[in-house]
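Open your viewer, get the selection tool ready, and follow along stop by stop. Each stop tells you what to pick and what you will find there.

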Amino acid sequence: MLEHGGNLQQAAQQYGRPLADWLDLSTGINPQHYPIAALPAALFHRLPAAAYSLHAMAKAYYGAPHVLACAGSQAALQVLPRLRAPCHVAMPRTMYQEHAHAWQQAGHQLHFFEQSPDDVLLQQCEVLLVCNPNNPTGQKYAAETLLAWHAALARRGGWLVVDEAFMDSTPQHSLASQSGQAGLWVLRSLGKFFGLAGLRVGFLLGEPTALAQVAALLGPWTLAGPSQYLAELALADRSWQQQMRAQLPVQSANLAQLLTQYGLPPYGGTDLFQYVQHPGAHQFHQSLAQHGVWTRYFSAPQALRFGLPSEVDWPRLAQALGSLTV
């Protein structure tokens, strides 16, 4: 198992602090999650229905011609490497680690780049994979650049895979509407923007024949009935979505300002997190944990990712940051 944020049980054991006494900023999940509605009891004692209505709702929300619901985008990213014979796969060196793990486990040869692939690497690889915006650096790729890369790959049967887990607050930059093309995959999730990570709801956007291959590998009942029910409510609630798209950029800018105030100017970020590179990141991670603030630590390069605190937790974060010797 790779290391991820949200591992509060590990933090509680390591630092001797009860689970309830932590400010968890390690995940990049919206602390203002979509409100959980009352659930019909029947959802718990019958098999999940076919996801026809959920797919229709997702196509309308993403503006995508074809979608496949899955148990989080994690389920989709683990299947995609199984659809190709071992080949050359390129991706950023600093990125969500599960992608590299999944492709490597399936026997593919990985090639890493820092910011963008050069022409030589683009010609060498059959699959190019990016997170847009990138997790954890926040780097953003222009849609025109991504589509040019896709065109170059598709001409020889290659793929572009774009993980848009943090795209919901800026849908105008998404490739969802282009995802019906052969060789273009887009991953989406309800875990981050909607703050519903525990539902395990994600979507794979792609060409219908290829999506059918993924569906066959995933098998039946990939989503629990309660998850489907709540996902449909969240995707349909345009008012809540618009409210979040107005609030999150302001909160993220405030977080960047606060970190800068205490000597940790962000290297990059999104509307849901800020990413700080610093040679003292490991020490800062430990010091913040002593104050009950849990961050996501990265060792190469040395960095911390800070998610957004809830409204009542800003003073606690400021106090913990003030304790650091930067």
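Let's begin inside. The buried residues of helix 3 pack against strand 2 (67-70), helix 4 (97-105), strand 7 (184-189), strand 8 (202-205) and helix 7 (208-218). Keep in mind on this tour that you are looking at a predicted model.

**Helix 3.** Select residues 72-79 to see helix 3 itself; seven of its eight residues are buried, so the rest of the structure largely encloses this helix. The buried ones are Gly 72, Ser 73, Gln 74, Ala 75, Ala 76, Leu 77 and Val 79.

**The largest pocket.** Keep helix 3 selected, as it gives four residues to the lining of the largest pocket, the largest share. This pocket holds about 630 Å³ of space. To find its centre, select His 4, Gln 74, Tyr 96, Asn 135 and Lys 192, the closest to that point among 28 lining residues. Helix 3 and strand 12 (296-299) are the elements that contribute two or more residues to the lining. By class, the lining comprises twelve nonpolar, ten polar and six charged residues.

**The second largest pocket.** Here the space comes to about 240 Å³. Pick Ala 51, Gly 219, Pro 220, Trp 221 and Thr 222, which of the 15 lining residues are the closest to the centre. Strand 2 and helix 7 each provide at least two residues of this lining. Its classes are eleven nonpolar, four polar and no charged residues.

In soluble globular proteins, nonpolar side chains tend to be buried together. The largest nonpolar core in this model has 68 residues, and Tyr 62, Leu 128, Leu 190, Phe 194, Phe 203, Phe 306 and Leu 321 touch the most other members. Helix 9 (residues 238-261) supplies six residues of this core, the largest share. A second, separate core has 26 residues, including Leu 77, Ala 102, Leu 110 and Cys 131. For a close-up, centre on Phe 203: beyond four places in sequence, its contacts include Leu 54, Ala 58, Tyr 62, Leu 68 and Leu 235.

**The cysteines.** Colour the cysteines next. The whole structure contains zero disulfides. Cys 87 is buried, at 9% relative accessible area. For Cys 131, the closest cysteine sulfur is in Cys 70, 15 Å away, which is also too far for a bond. Cys 131 is buried as well, at 2% relative accessibility.

Go to Ser 26, in the loop between strand 1 (23-24) and helix 2 (52-62). Ser 26 is buried, with a relative accessible area of 1%. Besides Arg 305, Ser 26 touches Gly 5, Gly 6, Trp 294, Thr 295 and Arg 296, leaving out residues up to four places away in sequence.

Finish at His 150, in helix 6 (residues 143-154). His 150 is buried, at 4% relative accessibility. With neighbours within four places in sequence set aside, His 150 contacts Leu 160, Gln 181, Ala 182, Gly 183 and Leu 184.

Definitions and conventions:
Residues numbered from 1 in each chain as written. Predicted model: local features only at pLDDT ≥ 70, side-chain atom pairs only at ≥ 80, totals over all residues. Heavy atoms only, no water. Core = buried A, V, L, I, M, F, W, Y, C linked by side-chain atoms within 4.5 Å. Buried < 20%, exposed > 50% of the residue type's maximum accessible area, 1.4 Å probe, protein only. Contact = heavy atoms within 4.5 Å. Disulfide = S-S within 2.5 Å. 1 Å grid on protein atoms, 1.4 Å probe; cavity = no way out; pocket = protein on both sides within 12 Å on 5 of 7 lines; lining within 4 Å. Points joined across faces, edges and corners; volume = space filled by probe spheres on them. Nonpolar A, V, L, I, M, F, W, Y, C, P; charged D, E, K, R; others polar.
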